[in-house]
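Here is a short report on pockets, salt bridges and backbone angles. Keep the structure open while reading.

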Amino acid sequence: MNLPNKITISRILLIPIFVIIMVIDWPWGVLTFGDIELSVSQLIGTIIFVIASTTDWIDGYYARKHNLVTNLGKFLDPLADKLLVSSALLILIEMQLAPSWIVIIIISREFAVTGLRLVLAGGGEVVAANLLGKIKTWTQIIAVTALLLNNVPFTYIDFPFATIALYVATFFTIWSGWDYFAKNKHVFANSK
């Protein structure tokens with residue numbers, strides 16, 4: 001297994017650590033930012049989420065720079081992104097920081113595209129994420145990070161950045177899902 005794939009695996013292994021930090025009520029205290037409170041465990045969980053998200057860029061950059069792109073990496077990389085973002089979104093519902101209908105749209109798109117990838121893989125096609133899919137992933141990561149931080153950086157100027165970022169991520173989620181199916185409609189036309 002090459003280094004980019006090991007980095008991707010490390011992202012997957014950070015997910016349970018992130019979840020445990022976020023869902024257990026750790027007695028580490030609370031930080032106050034104006035009227036907004038942020039638990040220390042929430043801040044630590046957010047840092048873990050950001051580190052895990054950053055490995056997405058690192059593994060891809062390293063794989064392309066050193067010509068280490070593999071079919072395993074093309075499969076694992078988007079899977080790791082989906083697992084990380086889906087875990088965070090479900091936690092955000094529990095924390096009442098994200099509406100469930102948006103999370104359902106995002107996770108449903110991820111399941112649908114993963115299913116399509118499996119069908120394509122069964123026919124010998126392994127499709128890497130395209131630019132629109134990467135934009136979708138990064139808008140989701142930005143939105144999740146802002147929500148996990150309770151929009152703290154923007155509370156002083158009273159700007160709902162986290163909410164706007166979530167709507168932008170939802171838009172790109174829907175658009176990239178539609179694009180993915182439109183570009184691979186031959187799978188349905190050729191199915192028996």
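## A buried charge network

Asp 81 is buried, with a relative accessible area of 9%. The model is predicted. Asp 81 pairs with Arg 11 in a salt bridge, and their closest N and O atoms are 3.3 Å apart. Arg 11 sits in helix H1 and Asp 81 in helix H3, so this pair ties together parts 70 residues apart in sequence. Arg 11 is buried as well, at a relative accessible area of 0%.

Arg 11 also forms a salt bridge with Asp 77, with the closest N and O atoms 2.5 Å apart. Here too the pair joins helix H1 to helix H3, so parts 66 residues apart in sequence are tied together. Arg 11 and Asp 77 are both buried. A network of salt bridges links Arg 11, Asp 56, Asp 59, Asp 77 and Asp 81.

## Another salt bridge

The structure holds 8 salt bridges. One of them joins the side chains of Lys 136 and Glu 110, at 3.1 Å from N to O. This pair links distant parts of the chain: Lys 136 is in helix H5, Glu 110 is in helix H4, and they are 26 residues apart. Lys 136 and Glu 110 are both buried.

## The largest pocket

The largest pocket holds about 530 Å³ of space. Its lining has 32 residues. Nearest the centre lie Asp 56, Arg 64, Asp 77, Ala 129 and Lys 134. Asp 56 and Asp 77 also belong to the salt-bridge network.

Which helices supply at least two residues each to this lining? They are H1 (3-23), H2 (40-65), H3 (71-94), H4 (100-122), H5 (131-148) and H7 (161-183). By class, the lining residues are 11 nonpolar, 10 polar and 11 charged.

## The second largest pocket

About 170 Å³ of space lies in the second largest pocket. Residues lining this pocket include Met 22, Val 23, Ile 24, Asp 25, Ile 91 and Met 95. Ser 39, Ser 41, Gln 42 and Glu 94 are also among them. H1, H2 and H3 are the elements that give two or more residues to this lining. The lining has 5 nonpolar, 3 polar and 2 charged residues.

## Positive phi in two loops

Asn 67 is not a glycine, yet has a positive phi of about 50 degrees. Asn 67 lies in the loop between H2 and H3. Is Asn 67 buried or exposed? Asn 67 is exposed, with a relative accessible area of 68%.

Gln 96 is another residue other than glycine with a positive phi, near 60 degrees. Gln 96 lies in the loop between H3 and H4. Its relative accessibility is 71%, so Gln 96 counts as exposed.

Note on methods:
Residues numbered from 1 in each chain as written. Predicted model: local features only at pLDDT ≥ 70, side-chain atom pairs only at ≥ 80, totals over all residues. Heavy atoms only, no water. 1 Å grid on protein atoms, 1.4 Å probe; cavity = no way out; pocket = protein on both sides within 12 Å on 5 of 7 lines; lining within 4 Å. Points joined across faces, edges and corners; volume = space filled by probe spheres on them. Helix = DSSP H or I, 4+ residues; strand = E, 2+ residues; numbered from the N terminus. Nonpolar A, V, L, I, M, F, W, Y, C, P; charged D, E, K, R; others polar. Buried < 20%, exposed > 50% of the residue type's maximum accessible area, 1.4 Å probe, protein only. Salt bridge = Lys/Arg side-chain N within 4 Å of Asp/Glu carboxyl O.
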